[in-house]
Every structure is written in structure tokens, then in C-alpha cells.
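Please open the model in a viewer and keep the selection tool at hand. The tour goes from stop to stop.

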Amino acid sequence: MMDEIQYAAAVNQIGYPINGQKTAIFTEKTSEFHIEEEGTKKIVYRGRTSQPAYDQSSGSKVRRADFSELAKPGTYVVVDDEGNRSTPFALEERPYRELHKGLLKAFYYLRCGVTLDEKYAGEWGHESCHTKKGAVHGEEGLYLDGNGGWHDAGDYGKYVVAGAKAVADLLLAYEMYPNAFGESIPLPESDQVMPDVLHECKVELDFLFKMQDQRSGGVYHKLTTRHFPGLSVMPEDDLAELVFSPISATATACYAAIMAYASRVYRSYDPSYADRCLHSAEYAWEWLEKHPKAGGFKNPPDITTGEYGDDCITDEKYWAAAELYHTTSLEKYHTAFQQYSKESFPKCELGWADVGGYGTISYLRKGKTDENQALLSSLQQELILEAERLLQICEKDGYGISLEEKDYVRGSNMGLMNRAMILLFAMEWSSKPEYEKAAAQHLHYLLGQNTLHISYVTGFGTHSVMNPHHRPSVGDHVDAPVPGMVAGGPNRNLNDEIMERTLKGKPAAASYIDHEDSYAGNEITIYWNSPAVFVVSYFNQ
Ligand code: 9MR
Ligand code: ZN
């Protein structure tokens with residue numbers, strides 16, 4: 001089935017907004033195509049494809065087609081001139097409503113420390129997990145509560161820098177595109193007062209509070225077992241001792257940033273919660289001031305779970321200063337921000353390690369004050385330049401996205417969604433329609449318009465990821481994976497055994513196997529879902 005499909009046009013398997021850009025990608029042979037209504041087979045559109053062009057990342061020649069003119073709602077298939085049929089897709093006013101809720105619901109499925117009831121979790125429910133206190137590494141006899149939050153990924157660890165990126169994307173999505181969040185998912189906490197996305201982020205924020213050392217303000221890097229459990233171990237059966245890894249500067253700075261940000265967002269719903277967020281952010285900042293030389297995190301010798309190591313701490317401090325300044329308008333944070341901004345690090349990156357983009361966007365969104373004109377415009381300029389650079393890559397790419405061959409590395413789908421975010425940020429200061437169109441291509445790729453014709457979101461699309469490297473999806477005896485989760489995606493470095501064994505010699509964009517053992521290509525994480533929520537929010541307003 002999969003082989004057959006790969007000769008047909010690659011499309012966004014969910015669909016396209018009526019007023020959006022609609023594209024399909026063909027192999028080099030097809031020059032004419034038509035579009036049929038799925039049920040009646042009535043032909044509603046005929047078109048020609050572009051000339052074939054070599055696409056470096058997929059190692060093949062492709063032709064593009066744009067059928068944006070077709071604006072009649074319905075379910076369609078694209079048929080090429082040899083009769084090959086694409087998967088069906090919808091043209092609708094808002095085709096991503098369910099997808100948007102599904103991507104957000106994934107965070108609910110990743111909740112730790114609570115029972116996932118059938119009422120909300122359906123067949124993917126499980127008992128509560130990881131509820132015991134954790135031992136503080138290096139402090140004999142000290143045990144602390146670390147209940148709650150989200151499991152990070154395919155594993156059950158809880159890592160501060162990863163959580164901060166995920167919450168930042170969700171809060172940005174909510175603040176920038178609130179209309180996308182009108183519908184309830186629903187969650188156990190859903191009420192008519194606060195949008196579900198803020199309820200969900202609160203789950204993680206409430207956990208993050210517990211990661212702060214009350215004696216110093218510093219933040220423990222992570223809370224995990226010492227080693228990863230087996231792949232089919234359900235969360236409630238993962239009973240090894242939990243350990244708070246030592247405080248790190250990156251965790252502390254990301255914590256200060258996300259708490260300062262949260263305090264703005266939650267203020268109108270719960271002022272005392274907002275105060276608590278801000279006080280703890282400032283306390284974390286004090287720790288950073290007292291430990292100017294603190295370096296990146298390294299796993300202690302007895303711990304082998306994810307390291308989330310990072311030697312450059314300037315971007316984390318830059319982000320923290322930006323959010324604290326944005327929230328408080330205090331000159332000391334502005335001074336610090338200006339100071340850090342002079343150093344050289346990427347100012348438009350949105351990863352868990354390179355967080356400069358969050359600092360930049362926070363500063364830009366605060367807007368004009370009396371003293372900051374020059375820095376404001378230079379950062380704006382930098383963002384636009386980055387968007388322009390990405391646009392140029394899109395123009396050369398066969399699938400219209402901004403990943404180059406070298407960018408298909410572990411978590412390439414995060415790179416994909418992060419770059420779409422940058423294009424959408426740029427729209428705020430230079431509303432070029434090309435930015436929006438390019439961002440849409442990134443989403444189309446994620447949902448099936450790629451060389452493998454696969455939707456990288458579990459449960460969404462005709463051919464979507466079925467075997468993610470995600471422990472509950474492996475261990476729960478349910479055939480279908482937990483839905484709404486974004487897989488890491490193609491990774492030309494083939495960093496796991498199954499990739500190494502089965503994908504040698506494949507082009508970069510085809511370096512992917514839908515296999516549960518493929519942690520370097522088929523894992524899911526909170527911070528691969530979160531930028532997808534952001535991007536889908538834009539297109540779901
Ligand atoms: O995605 C992360 C990758 O970039 C790093 O090289 C790797 C090693 O630290 O960690 C990856 O993140 C994993 C984390 O360490 C543990 N949870 C699952 C993450 C996704 O694979
Ligand atoms: Zn858990």
C-alpha cells in the first residue's frame with residue numbers, strides 16, 4: 001500500500017484551508033493532473049505541474065502543483081496523468097480543528113503523577129505514576145516531592161530545559177493566536193473561565209515549582225530514574241528510585257524565563273499565582289547572579305538518562321533577562337539583556353539548547369520604550385533577515401520547506417516547525433504573504449507532503465506514524481499509538497541501530513523508519529509537539 005501511494009502525488013493528508021495555499025508534489029513523470037471529489041469522482045479541477053527540478057534532500061526530481069484556486073469545500077483526491085491517486089484530503093474553512101486539539105491533548109496523555117481516566121484518555125488511560133519522592137543527588141537523606149508535570153518524551157524523565165521550551169511555545173501560541181483556542185479539548189480542568197491550553201501549561205508549571213531549590217533559588221536540572229526503563233514498561237510500572245539531578249545554570253535560567261513569562265499570562269486569571277511565578281523567577285535570577293561562572297550540565301556518573309547538556313549559557317540568561325524585563329520593566333533586567341545581547345550566539349533559535357529566539361521575541365513583543373530604539377530595530381532586522389534566509393531555502397527546496405540536506409538530523413521535525421515559527425514571527429513586523437505561504441508548506445510537509453508520504457503526527461492522516469518510540473504506545477496493548485504526537489522525523493545521521501541497519505544510503509529526507517526501536521527518528525517529545533501547536537494555531541484561527 002505504502003509503495004503504491006508513493007507514486008501518487010504527496011499531499012497534506014488532513015487538508016487545506018479554503019483560503020490557504022494548496023499544493024501537491026509529484027514525481028518527475030507527471031505533467032498534468034486533475035482533482036476529483038472523493039465519493040462521486042467528479043473532476044473539479046485540471047492543472048499542469050511545474051517543470052521537474054532536482055530536490056537535493058530527497059535525492060529525486062519533483063514537480064510542484066498549486067491548486068489554490070480550487071475553493072469549493074469538500075473531500076478530494078489528486079490524480080496524476082498515470083491514474084495514481086493521492087490520499088484523500090479536505091478543503092474546509094478550518095481543516096485543522098481536530099488536529100489542533102489533538103496536538104494539545106498529547107500533553108494531557110504525557111501527564112505524570114495522575115491517573116489518566118478513560119473519560120478523557122479513552123483506551124490510552126493508565127494508573128498514576130512516579131508519585132514517590134525523589135532523592136536529591138549528592139545530598140544524603142534528602143527526599144523531595146516532584147510529582148506532576150509531563151513526561152518528556154518516549155521516556156518518563158522530566159527535564160527543566162525541555163519543559164521550558166514546550167511551555168514557551170504553547171504560551172506564545174495562545175498569546176499570539178487566541179482565536180485558535182476557542183474550543184475545549186476537553187480536559188478534566190476545563191471550565192468556562194480559563195482556556196484549556198493554560199490549564200495544560202499549569203500542569204507543567206506546577207511541577208516546575210518543585211524543581212526549584214528553596215534554599216538557593218537554583219533549579220535542579222531534571223527528575224528521572226537513574227537509567228531508562230525498558231521500552232514496554234508502562235509509567236505506573238516504572239518503579240526505580242527517582243533522582244533530582246544537580247542544579248544547573250541552564251535549567252535555572254530557563255526556569256526564570258518561563259516563570260516570568262507565565263506570570264504575565266496568568267495574571268488576569270489568578271493574580272496570586274502570577275505573583276508566585278514572578279517571585280520564583282526572580283529568586284532563580286538571584287541564583288544566576290550569585291553563580292556567574294556556573295557552567296553547563298553533565299550527567300553525574302551514576303545517571304544515564306537524557307543529559308540535555310549545553311555549554312553556552314548566555315542565550316538562556318538573555319531569554320531570562322528579556323522575560324523578567326518584559327514582566328517587570330525593571331531597569332536591572334534591561335541592562336542585563338542589553339549586555340547579553342552584545343554577545344555572539346544565535347538570536348533566532350528556538351531549541352531546548354539554543355533559546356535565543358525566545359529572548360528576542362519577548363523583547364520585540366514588549367515593544368517600544370524610551371531607551372531601546374536601536375536594539376529593538378536591530379533585533380527586528382535580525383529576525384527579518386533570518387526569515388528571508390529561510391525563504392530562499394524554501395524556494396530551492398522541492399517540497400518548499402526550509403530544511404537543507406544537513407538539517408535532517410535527530411528531531412528534524414522540530415527544526416521544521418521552529419522555522420515555520422520564525423516565518424510566522426516575522427509576519428508580525430513585515431507581513432509578507434510569502435512568509436505565510438512558506439510556513440504553510442512546512443505544515444503540509446509534516447502532514448504528508450513529503451518524500452515518504454507519511455503524516456508525522458500519530459492518529460492524524462491516512463498514513464501516519466504507527467510505531468513511535470514512546471513507552472506507553474509500546475506497552476499498552478492498544479494497536480493504535482497514543483494520538484496527536486509528532487515524531488522526530490528523518491535523521492541522516494542514523495543514530496540508532498535500526499536506522500543504521502535499514503536506512504544506509506537513503507537520501508536525507510528519506511532517512512526515517514516507522515519502528516518503535518528507532519529512538520533517533522521515531523521518538524516523540526513535548527518540544528516537538530509544542531512548535532507544531534504554535535504553527536497549527538496560526539492556521540486554525
Ligand atoms: O533530542 C535530544 C537530542 O538532541 C540529544 O542529542 C539527546 C542526548 O542528550 O537527547 C535527546 O533528547 C532526549 C532526551 O535526552 C531524553 N528524553 C528523550 C529525548 C528525545 O530523544
Ligand atoms: Zn510519570
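Predicted model: local features only at pLDDT ≥ 70, side-chain atom pairs only at ≥ 80, totals over all residues.

Residues are numbered from 1 along each chain as its sequence is written, while chains are lettered from A and ligands numbered from 1 in the order in which they are written.

Select strand E3 (residues 32–37) and strand E7 (residues 74–80), which pair in the antiparallel sense over 5 bridges. Strands (E, at least two residues) and helices (H or I, at least four) are DSSP runs, numbered from the N terminus; two strands pair if DSSP finds at least two bridges between them. Glu37 stands opposite Tyr76 in E7.

Next, go to Pro186, in the loop between helix H4 (160–176) and helix H5 (196–209). The peptide bond from Ile185 to Pro186 is cis, with omega about -10°. Most peptide bonds are trans, and most residues other than glycine have a negative phi.

Move to Ser329, in the loop between helix H8 (314–328) and helix H9 (331–341). Ser329 is not a glycine, yet has a positive phi of about 60°. Is Ser329 buried or exposed? Ser329 is exposed because 11 other C-beta atoms lie within 10 Å; the cut-offs are 12 or fewer for exposed, 20 or more for buried, and partly exposed in between, counting other C-beta atoms within 10 Å of the residue's own, with C-beta atoms placed from the backbone.

Finish at His453, in the loop between helix H13 (433–446) and helix H14 (471–475). His453 also has a positive phi, about 55°, although it is not a glycine. His453 counts as buried because it has 24 C-beta neighbours inside 10 Å.
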